[in-house]
Amino acid sequence: MEQPPQQLIRIANISGRYLVFDPDAVSALRRRANTNGTLVGTTPQQPTQNIFLGLPIELRPEEVDALVSAGVAYVVDDVAAHRSALLSLGPDERRAYIGSLRSRKQAAHKVFAEVTAQKASIAASKAEKLRDSAKSDGSLYSRNSQVTSLGVTPTSSVHYVSPDSHALPVEHHRDSEKGALCQFMLGNGYFMTPGLRFGARYSVYPGDPLRFHAHFMANEYGWEEEIPILDIVGGGRLATAVKKAFLIGGREPSATKPDAALPAVRSFSIEWAGM
Amino acid sequence: MDASHQFGADVASAVFENLQEQHQWASLQIHRLPGLSRPMIRGLPPRLLYLHPDDQIAALAYEKSTGTRAQHDAEFEWVLAVHLAEKWTLSSLAAVMDALPEARKRAKRIVLAALHNDSTVVYYIVQEGMIKPRQN
């Protein structure tokens, strides 16, 4: 099966955070790059509600590094991109942008109108049934079709900020000592979610977190970084109690691998021995 | 000779006693492996200490199809005795793994025995690589 050439995923770097706004990009990340990210978006009017979060998703810096070096995504300085796009907005671009907003708004209105009409027809058919049984007139329900959709103000800037303006160069890696474990796990098809609830850096899943339980609680260490035995005991005991293994690992500097796609990572899985 | 050398031997002998007297391990021996400053304990637990989850599944399937329990003989284990207050590194753990002979099947594993001052010993299975957890 020949796959069409895949689009690179645009990751916006905004005040030090790595965000993905495009729903298609988010699903592509999840499908192709086993990265689910963390939903962080809330509603502007209810910023304190944090039970149901939506787009954008936030990615960890080391995840971003792994995605960029795997050739799946690129990072954009979104603040600079917006600023320069806004400042350079000539009358023609301005008109084009307003036009695109208007067409999006009309499209949204159309969808809303269709949804409303559909609801109204369902309500009308229900009303008909009711009327058949109760012989009441339908005037109560006729108002439904008059419901006007809420005015939608598009807030998207996709039509005037070109997606790859102010892309950051690929080699903007931070200290590469850390992040090797993350890159290694992503490259091997594991998914990761924040591991804080189990006292580790990552919860590691063998597949999509919606389908699997986590197999590991993972912490990354430097090759010569000291690991207190007490941490191994605590991590191992907690992980076993929640049916996981405690994974420690990091880049092995001396090891050279023939296929340099993934870093040479050495890891150890720890479980309580049950004695 | 040096203090750490003596320390390692003391911790190992305490764990050795614990394995022998509390956990009834047999054929216990203290080994000096080339390239390792710490002694390693090798012994045979009274029953199999670790069963890989895939083997667990196979054993369950066997039990379901035949009605009899799958028999698993105990295997010799390598034990690394450490004190709870110690600090190890990935490189020192890797050195221990590298010094061990190759495992017969599955990944290399050691039993990490952490000794505390009140002579409590806790045991952890440490395996090379990403080994999925057992189902229990």
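In what order do the 5 strands of the open sheet in chain A stand? In this predicted model, the order is S3-S4-S2-S1-S5, and the pairing within the sheet is mixed. The edges are taken by S3 and by strand S5 (73–77) of chain A, each of which has a single partner strand, so one side of each is left without a neighbour in the sheet. On average, and with direction ignored, neighbouring strands of this sheet are turned by 40° against each other.

Strand S4 (residues 54–59) of chain A pairs with strands on both of its sides. With strand S2 (residues 17–20) of chain A it runs antiparallel, the two being joined by 3 bridges, and within this pairing Val20(A) has Ile57(A) as its bridge partner, while Leu19(A) stands opposite Glu58(A). Two helices of chain A pack on this sheet. Helix H2 (residues 61–69) touches strand S1 (9–14), S2, S4 and S5 of chain A, and its direction makes about 125° with that of S5(A). Helix H3 (residues 78–87) of chain A touches S1 and S5 of chain A, with a direction at about 55° to that of S5(A). On the remaining side of S4(A), strand S3 (residues 38–41) of chain A is likewise antiparallel to S4(A) and joined to it by 3 bridges, with Leu39(A) placed opposite Ile57(A).

Two annotated domains can be located in chain A. An unreviewed UniProt entry lists "domain: TSEN34 N-terminal" for residues 9–78 of chain A, a span that is 29% helix and 36% strand and whose end C-alpha atoms lie 14 Å apart. The annotation "domain: tRNA intron endonuclease catalytic", also from an unreviewed UniProt entry, covers residues 188–248 of chain A; over these residues the chain is 21% helix and 31% strand, and the end C-alpha atoms are 16 Å apart.

Chain B contains 3 helices and 6 strands, which follow one another along the sequence in the pattern α-β-β-α-β-β-α-β-β. The C-alpha trace of chain B spans about 60 × 30 × 25 Å along its principal axes, and buried residues make up 29% of its 136 residues. Among the contacts in chain B between residues at least 6 apart in sequence, 59% join residues at least 24 apart.

Between the two chains, 30 residues of chain A are in contact with 29 residues of chain B. On the side of chain A that touches chain B, at least two residues each are supplied by strand S9 (227–228), helix H7 (229–241), strand S10 (245–251) and strand S11 (265–272) of chain A. S11(A) gives the most, with 7 residues, and the residues of this side of chain A divide into 17 nonpolar, 5 polar and 8 charged. S11(A) is also joined by 5 bridges to strand S6 (residues 121–128) of chain B, to which it runs antiparallel, and in this pairing the bridge partner of Ile270(A) is Val126(B).

The pairing of S11(A) with S6(B) belongs to an open sheet of 10 strands, with mixed pairing and the order S6(A)-S7(A)-S8(A)-S10(A)-S11(A)-S6(B)-S5(B)-S3(B)-S2(B)-S1(B). Its edges are formed by strand S6 (191–194) of chain A and by S1 of chain B, each with a single partner strand, so one side of each is left without a neighbour in the sheet. Neighbouring strands here are turned by 30° against each other on average, direction ignored.

Within the part of this sheet contributed by chain A, strand S8 (residues 216–220) and S10(A) pair in the parallel sense over 5 bridges, and Ala218(A) has Leu247(A) as its bridge partner. Helices from both chains pack on the sheet. H7(A) touches S8, S10 and S11 of chain A together with strand S3 (77–83), strand S5 (109–115) and S6 of chain B, and its direction makes about 65° with that of S11(A). Helix H3 (residues 90–99) of chain B touches S10 and S11 of chain A as well as S3, S5 and S6 of chain B, its direction making about 80° with that of S11(A).

S1(B) runs antiparallel to strand S2 (residues 40–44) of chain B, to which 4 bridges join it, and Gln29(B) stands opposite Arg42(B) in S2(B).

Definitions and conventions:
Residues numbered from 1 in each chain as written. Chains lettered and ligands numbered in written order. Predicted model: local features only at pLDDT ≥ 70, side-chain atom pairs only at ≥ 80, totals over all residues. UniProt positions renumbered as here; feature names shortened; annotations may be inferred. Pairing = 2+ DSSP bridges. Contact = placed C-beta atoms within 7 Å. Nonpolar A, V, L, I, M, F, W, Y, C, P; charged D, E, K, R; others polar. Buried ≥ 20, exposed ≤ 12 C-beta atoms within 10 Å, placed from the backbone. Axes fitted to C-alpha atoms, helices over the stretch in contact; angles between N-to-C directions.
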